[in-house]
Structure formats: C-alpha cells, structure tokens
Amino acid sequence: MSEMKILYFAWLRGKTGTGAETIHPPAEISTLGGLVEWLKTRSPGHAEALADLAMVSFAVNQEYAEVGDPVKSGDEIALFPPVTGG
Amino acid sequence: MIRVQREDFDPAEETNALVADDHGIGGVVTFTGLVREIADLGDGRDEPISAMALEHYPGMTEKMLARIEAEALERWPLSASLIIHRYGDLEPGDRIVFVLTASAHRQAAYEANMFLVDWLKTKAPFWKREDAETGAHWVKARGSDEAAAARWSASPPKAAE
C-alpha cells in the first residue's frame, strides 16, 4: 500500500477542511489525475474543492505538475489555486 | 539572494548593503510591492480592504524564487540581485515584496527586474486573502499577469553589454 502526503493551500484548505493529510491510496493509482479522482471521494468538501480542476494547480515534490504526471508512494503532493503573490 | 520572511524590510538598507562595496555597479533598479487598500474583485467592483493574509508553500517557495533568480542571472549580466517576499498578516500600505537588480548598465538592471517580478507573480506559490467588509476572499489570479510573464518566454531579450 502506498503512502503519500497531500497538502492543500488557500481556499482548497478551507473546502477540504485540512492543510495536510497522509493518505494510503490503492496501489493501482499511478497518475496525478487518478489520485485527484480518488481524493474527491474522501469527503463532500474534497469533492467540492476538486470539482473544477481548471481552478487547481498541482505540485509533486515541490515541482509544478500536470494531471498526466506520475505519482508514487512517498511523494509530497500539493493542491492549490493559481498563485497570486508579488 | 532570496529571503522569505514574516518581518518587514527597509528598502534603503537592503539596497545599501548590497551595492555599497561594488563600484562596478552602474545602476540599481528596485521594485517594492505594497498592499493596496482597494481590492479588485475581478467583476468590475472595487472594495476597500482592512487586511491581507499572505499564505505560501514553505520549501517550494524558496525553491521557485531561487530558480527564478538563477534564470535572471543567466540571462542578464547582473552584479547583484535580491528578492524578499513577505508572508503572514499585512495591512494596506505594508510592503509585500522587494526585488533588486544591479548591473554595470541600466538596461540589464531594468529588464531583469521586470522579469523577476513578472515571473514570481506567476510561479512563486503565494496566495493573497483580502479581508473586506463583505467578508474575506482569496484573490483571483489575473490573466494580465500570465501575459506579462509569457512575454519573457517568447523571446529572451538581449541585454546591452
């Protein structure tokens, strides 16, 4: 069973109700897109936060990533809105 | 150099500290970003804000800022550079970000400075939350920021030597 650390920032943290969680997704999940679909099933808040992926950016191990990119056990995966610093 | 910090900074002190001992520097460009008192809600409405909270992704923030700075140092002949970005609770008028670029000649300093600000706005993982009378809201990313950053990808400018 794989283990991943998921981080949520800004309004995604608000909607999911958590800033960080350790999860154990099924072993067959191998892409970011697959992981996101699985995360949606964790709670109604997760489903709402991830309903429109055009509003969500991703990072795997602190590098920007796309839904087709691979994920594996031990990864740190962050989900956040488009950035607004500066 | 990059710094991500909660504390305020003094633009004059930062500038003097970086350029005082390097007399090869012919020009210094500094950009200081401030918290505006008026929020642009993105739908044509404006609203005064009472406070701003700036959240970031510790670790990735430093990584991205360092990479952006390295890119600028590769593209332009800079003698010194500095990015300071604050996080935490801020109020209208507070300084948020400071970008310094110094070079023998002004063109490199100007261009590199704009490049750094444009890129950090679209790549550094910071998020602004504004508190207004109608409640708190997360600031939406602006298409104009994306466009400003994209022009540096299209054709890397040549700096004057």
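**One residue in its setting**

Modeller: Of the 86 residues of chain A, 30% count as buried; a residue is buried if 20 or more other C-beta atoms, placed from the backbone, lie within 10 Å of its own, exposed if 12 or fewer, and partly exposed in between. This is a predicted model, in which local features need pLDDT of at least 70 and side-chain atom pairs count only at pLDDT 80 or more, while totals for chains, interfaces and linings use all residues. Residues are numbered from 1 along each chain as its sequence is written, and chains are lettered from A and ligands numbered from 1 in the order in which they are written.

Chain A contains three helices and five strands, arranged along the sequence as β-α-β-α-α-β-β-β. Helices (H or I, at least four residues) and strands (E, at least two) are DSSP runs, numbered from the N terminus. The C-alpha trace of chain A spans about 35 × 25 × 20 Å along its principal axes.

B:Glu130 counts as buried because it has 24 C-beta neighbours inside 10 Å. Leaving aside neighbours within four places in sequence, B:Glu130 is in contact with B:Ala39, B:Ile49, B:Met52, B:Ala136, B:His137 and B:Val139; contact requires C-beta atoms, placed from the backbone, to lie within 7 Å. B:Ser50 is 80 residues from B:Glu130 in sequence, yet their C-alpha atoms are 7.7 Å apart in space.

Methods. Contact = placed C-beta atoms within 7 Å.
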